[in-house]
Structure formats: structure tokens, C-alpha cells
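Please keep the sequence and the coordinates at hand while reading.

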Amino acid sequence: MAKVKPVDAMPALVERLLAELGEDPSREGLRSTPARVTRALRELTDGYDTDVAEIFAGAVFDQDYDEMVLVRDIPFYSLCEHHMLPFFGACHVGYLPKGRVVGLSKIPRLVEAFAHRLQLQERMTKEVAEALSDAVEPRGVGVVVEARHLCMEMRGVQKTGGQLITSCMLGTFRRDARTRAEFLELVRRA
Ligand SMILES: [Zn+2]
């Protein structure tokens, strides 16, 4: 039997939302907006459909390299789960291999898989660290995320700017102050 694609309920919801905001959804400029908003939201939340194991499949290699590996300044864009407004910035991911390394292009994909969901920055930071740790089984992992939150910057009387910085340290990055210091030093180096 052919699989029937269910009708997407989102465009009608967006149209309702536009009317609730006091807009006329039928006016020229808004006519395609429900479909566009739907496509945008689906794209920005497509991380729910990403299988993290699939990202790493065939990309973890045996390698006799035991120095720190760092991927810095990975740009990311996410939506906060409290307001569904963007938070965005840079993610820095480091790990200390234990006989295995991962293809470097996989780390930005991992970040995107977790960023493209409704998120809390703190949770995203931890999820990236734990997923990398599970996949590569390194000696340790460090993740630092620096981000601006538009729900803080655009709303209310307290227009607080600035960045929120979160970090998650696992294994040697947690236990060994020198490893952690080396990682943070590499992250900070402009
Ligand atoms: Zn928020």
C-alpha cells in the first residue's frame, strides 16, 4: 500500500498565529508566509531526525595520536525552548584521543544535530560532549559554547547584551587541571 503523506498542520497554525497578531494573513506580503515559516521551522528543528550514530558511521579511525584535537569557532544557530527565539554563536570542541580519532567534518555536523532542536544552551553543550565521548571513547572531551540569546536581547526592559558561556568537561578534561587549562588556552587564543 502506498504511504500517504500526512497533511502538514503547521501552515494553518501559522496562519492562525498571524491573525492572532492582528495581521491579515491574506494580504499580498503574507500570502506565502505560512508555507515559508513552516519550511524554516522544519529546517531549524531537523536535528530531531538526525541519527547521531549515523554521523560517525565510518568516520572513526584507529590512529596513534595522543595530542589534543580542537575544532574551534564552529558557528551554530539554535532556538531556545522557552521562547522559540534564536540563540547563536560559536562552539569549541576538543578531545584527547585514546587510539581513535574522528573525521573533523563530523564535529560541526554533530553540533548542528543538537543545535537544530528546541534547546537550552547548557543542555546542548552537554549533549555535544557526551555524544562525542560515546562515539570516539577518548581520554576526555571539552566543549565550550559562547552565544547571544535574542530572547534576552530583544524583550522586556532588561535588554541585557553580552554572551552566555557554558562548558562541559568529561574524563581527563574534568579530572586533570593541566589538560583543562591547555584546552581553555587553545580556545581563547585569537
Ligand atoms: Zn529564551
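Arg123 and Glu127 both belong to helix α5, where they stand four residues apart, about one turn of the helix; helices here are DSSP runs of H or I with at least four residues, strands are DSSP runs of E with at least two, and both are numbered from the N terminus. The model is a predicted one, in which local features need pLDDT of at least 70 and side-chain atom pairs count only at pLDDT 80 or more, while totals for chains, interfaces and linings use all residues. Residues are numbered from 1 along each chain as its sequence is written, and side-chain values use heavy atoms, with hydrogens and water left out.

**Salt bridges**

The side chains of Arg123 and Glu127 meet in a salt bridge, a term that stands for a side-chain nitrogen of Lys or Arg within 4 Å of a carboxyl oxygen of Asp or Glu. By this rule the count comes to nine salt bridges, and three of them are set out below with their N to O distances.

| Pair | N to O distance |
|---|---|
| Arg100 and Glu137 | 4.0 Å |
| Arg123 and Glu127 | 3.8 Å |
| Lys126 and Glu130 | 3.6 Å |

Lys126 and Glu130 also lie in helix α5, again four residues apart, about one turn of the helix. Salt bridges that share partners join Glu81, Arg123 and Glu127 into one network.

The salt bridge between Arg100 and Glu137 has another setting: Arg100 lies in strand β4 (residues 100-102) and Glu137 in the loop between α5 and β6 (140-149), so the pair ties together parts that are 37 residues apart in sequence.

The accessibility of these side chains can be given in the classes buried (under 20% relative accessible area), exposed (over 50%) and partly exposed (in between), with a 1.4 Å probe and protein chains only. Arg123 is partly exposed at 32%, and Glu127 is partly exposed at 22%. Arg100 is partly exposed with a relative accessible area of 27%, and Glu137 is partly exposed with 48%.

Helix α5 (residues 121-136) also holds Glu122, which counts as partly exposed at 47% relative accessibility. The C-alpha atoms of Glu122 and Pro108, which are 14 residues apart along the chain, are separated by 18 Å.

**The zinc site**

Which residues coordinate the zinc ion? Cys80 (SG), His83 (ND1) and Cys151 (SG) do so, at 2.1 to 2.3 Å, where donors are N, O and S atoms within 2.8 Å of the metal (3.2 Å for Na, K and Ca), and where sites may look incomplete because water is not among the atoms. In sequence the donor residues are spaced C-x2-H-x67-C. Cys80 lies in strand β2 (residues 69-80) and Cys151 in helix α6 (residues 150-153), so this pair ties together parts that are 71 residues apart in sequence. Both Cys80 and Cys151 are buried.

**Backbone angles**

Asp73, in strand β2, has a phi near 55°, a positive value in a residue other than glycine, and Asp73 is partly exposed with a relative accessible area of 42%. Met84, found in the loop between β2 and β3 (86-96), likewise has a phi near 55°, positive although the residue is not glycine, and Met84 counts as partly exposed at 46%.

The protein has eight helices and seven strands, and its C-alpha atoms fill a box of roughly 60 × 55 × 25 Å, taken along the principal axes. Of its 190 residues, 39% count as buried. In helix α4 (residues 106-115), seven of the 10 residues are buried, so the helix is largely enclosed by the rest of the structure; among the buried residues are Ile107, Leu110, Val111 and Phe114.
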